[in-house]
Amino acid sequence: MEKLHVQHTSEYLAFLGNLKDRIAVARRNAGRAVNRELILLYWDIGKGVVERQKKLGWGESVIDQLSNDLQRTFPGITGFSDRNLRDMKRFYLEYSQPLIWRQAVAKLGNPVKNEKRRQVVAKLGGASKTEKLQQLVAEIPWGHHLTLLNKVKNPAARLYYLRATSHFGWSRDILINQIKADAFGRSLQAGKTHNFPAALPAQLAEQAEEALKSSYSPEFLGLAGTVKERKLEERLINQLRDFILELGYGFCFIGQQHRLALGTKEYFIDLLFYHRFLKALVAIELKVGPFQPEYAGKMDFYLNVLNAHERGPADNPSIGIILCAEKDNLEVEFALKAKTNPIGVAEYRLQPKLPAKLRGKLPTAKQLSAAVRTYLR
């Protein structure tokens with residue numbers, strides 16, 4: 001019997017559409033559930049350590065012992081390092097102080113009206129403010145919490161970013177950029193203490209994806225899905241390109257997503273300029289997240305290819321600039337240690353790694369910072 005070709009029938013397309021919607025909902029629910037259980041587990045671990053240290057007089061060494069025992073029992077889980085256990089303790093201590101958080105809530109007022117939030121509050125019924133805060137905390141991935149614990153000390157500001165992350169579905173990289181742009185401070189200046197600035201479209205990131213990535217979830221839950229941060233990166237790159245061209249330092253724009261061909265493979269540089277006075281190609285890579293050591297290796301590779309295939313006979317060696325949301329100076333130092341090409345790493349500012357003769361001919365720290373912050377504002 002001849003097989004029936006159903007690919008383009010209205011019934012099949014409707015069936016396929018329903019399945020896509022169902023899978024998307026299931027993945028979102030799975031992500032939220034996995035993340036919620038993980039965060040509540042970390043809360044309980046932190047609480048248990050704090051209470052027993054207080055009641056039984058245990059010292060800090062118990063955390064090291066606990067870490068060793070847990071990692072021996074669960075060798076495939078990476079979340080039980082001594083450092084992470086100490087972060088769990090700090091996490092619990094920070095969010096279990098009712099007076100501080102009552103003051104933060106009073107300062108910010110109620111969050112933006114939202115059906116999901118109303119449902120959460122309704123389910124909580126007569127729950128205490130601490131329990132309601134715990135519920136909000138459980139909606140945010142662990143990586144976000146570490147960012148907030150390390151970068152935001154003001155309880156009202158931290159509560160603001162918690163609410164905004166939950167409401168907009170910010171990924172960690174976008175959260176870092178919002179903190180750097182002082183979204184909380186700008187909201188107060190604008191008198192918008194009861195709402196969140198729509199600085200970025202909500203669809204730029206899918207919180208369920210971030211929750212999945214942050215929760216050591218199995219592959220079948222959809223870890224291959226990409227968080228839609230490329231849109232943010234593209235818009236920042238456009239902003240940076242126009243800003244550099246306006247500086248008048250002698251930059252000549254060659255291309256955006258400039259293609260490099262090597263053998264059968266191709267690679268793309270975010271921005272490529274030629275500097276008339278330095279007589280050198282200048283490659284710029286922009287990352288919306290923190291610096292990673294592999295970025296230096298990739299830039300070094302790009303510069304090698306540029307020098308071999310696109311550098312002119314009278315040109316100086318090509319220059320690389322990596323612009324990141326944040327960086328660790330020691331990590332940058334070791335990442336650049338064996339690199340012979342001139343590479344600058346900027347936390348939205350230029351690391352003084354470039355040769356002295358290049359200073360004054362490239363954008364300053366303040367100028368690079370302004371280029372990115374102008375867009376974030």
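Modeller: Axes here are lines fitted to C-alpha atoms, and angles run from 0 to 180 degrees between N-to-C directions. The model is a predicted one. In it, helix α2 (residues 61–73) and helix α3 (residues 82–95) pack at an angle of about 120 degrees, and their axes are 9 Å apart.

Colleague: Which residues of α2 and α3 meet?

Modeller: From α2 they are I63, D64, L66, S67 and L70, and from α3 they are D82, L85, R86 and K89. Contact means heavy atoms within 4.5 Å. Sorted by class, this contact has 4 nonpolar, 1 polar and 4 charged residues.

Colleague: What makes β1 and β5 edge strands?

Modeller: The open sheet has 5 strands in the order β1-β2-β3-β4-β5, with mixed pairing. β1 (251–262) and β5 (343–346) each pair on one side only, and they are the edge strands. On average, neighbouring strands of this sheet are turned by 30 degrees against each other, direction ignored.

Colleague: How do you know that β3 and β4 pair?

Modeller: Pairing needs at least two bridges. Strand β3 (residues 280–286) and strand β4 (residues 319–323) are joined by 5 bridges, so they pair; the two run parallel. One of the residues involved is E285, whose bridge partner in β4 is I322.

Technical notes. Residues numbered from 1 in each chain as written. Predicted model: local features only at pLDDT ≥ 70, side-chain atom pairs only at ≥ 80, totals over all residues. Heavy atoms only, no water. Helix = DSSP H or I, 4+ residues; strand = E, 2+ residues; numbered from the N terminus. Nonpolar A, V, L, I, M, F, W, Y, C, P; charged D, E, K, R; others polar.
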